[in-house]
Amino acid sequence: GQLLGQPQRSKMLADYGRSILEQVATIVATIPPSSHRRVYYAQGGDGLETEPDRSFHAELIVLAGGVNVHKGGLKQRRGREKITLEQVMVYDPEVIITAERSFYNTGIQQQIWPQIRAVQSQQVYLIPNRPLNWFDRPPSMMRFLGVQWLVQKLYPHKVHLDMIKATQQFYRLFYQQDLSEKMARDILDARS
């Protein structure tokens, strides 16, 4: 903010970010650790690339009260560690999130993916990506929306965030764009 001559705006955006993280942390604190949902972050066209739990690429899973099923640290800075479908079966996650539209649309129906608990219970979610991925790549301010979106997906019966209004507020603050309800819905529906 100082560098760009916008100290008030940068403070407003930083305050917003802190507020969102505090809000989500308060929500997560009400969920017993034994009830935290097990999440697999599927990357790549076949869904067999992922991030370990200590990767900054996957930190929203923990911030949203989930448990990343793939443990460990980054083996290479870029992440996207290759694993096998058998390993995913062993993990048997309750929820799968992905930014890969082709995997979401067709890959999840192939091979033995339909035997995974998350697929059987229709708990596979496509991460919104406009104007940037809300979760990762690149890690950006979009994560403030992403963490709200993810906590809502993980705990829909406990968390009652209005993601339409949250999306509208975020776009107004960060992009000075007033979104209609339809525009916000379209952005949230990453399939379109």
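In this predicted model, helix α7 (residues 163-175) packs against helix α8 (residues 181-188) at an angle of about 100°, and their axes lie 9 Å apart. Angles of 65 to 115 degrees count as roughly perpendicular, and α7 and α8 are therefore roughly perpendicular to each other. On the α7 side, the contact is made by Met163, Ile164, Thr167, Gln168 and Tyr171; α8 contributes Glu181, Ala184, Arg185, Ile187 and Leu188.

Turning to the aromatic rings, 11 aromatic pairs are counted. One of them joins phenylalanine 170 and tyrosine 175, whose ring centres are 6.1 Å apart with 70° between the planes. Planes over 60 degrees apart count as edge-to-face, so this pair is edge-to-face. The two partners can be told apart by their accessibility: phenylalanine 170 is buried, with a relative accessible area of 0%, whereas tyrosine 175 is partly exposed, at 25%.

Tyrosine 175 also pairs with tyrosine 171. Here the ring centres are 5.3 Å apart and the planes stand at 50°, so the pair is tilted. Both tyrosines belong to helix α7, and because they are four residues apart, about one helical turn separates them. Tyrosine 171 is buried, its relative accessible area being 7%, and this residue is also among those of α7 that touch α8.

These pairs belong to a wider arrangement. Ring pairs link Tyr16, Phe144, Phe170, Tyr171, Phe174 and Tyr175 into a cluster.

How values were computed:
Residues numbered from 1 in each chain as written. Predicted model: local features only at pLDDT ≥ 70, side-chain atom pairs only at ≥ 80, totals over all residues. Heavy atoms only, no water. Axes fitted to C-alpha atoms, helices over the stretch in contact; angles between N-to-C directions. Helix = DSSP H or I, 4+ residues; strand = E, 2+ residues; numbered from the N terminus. Parallel < 35°, antiparallel > 145°, perpendicular 65-115°, else oblique. Contact = heavy atoms within 4.5 Å. Phe/Tyr/Trp six-rings, centres within 6.5 Å; stacked < 30°, edge-to-face > 60°. Buried < 20%, exposed > 50% of the residue type's maximum accessible area, 1.4 Å probe, protein only.
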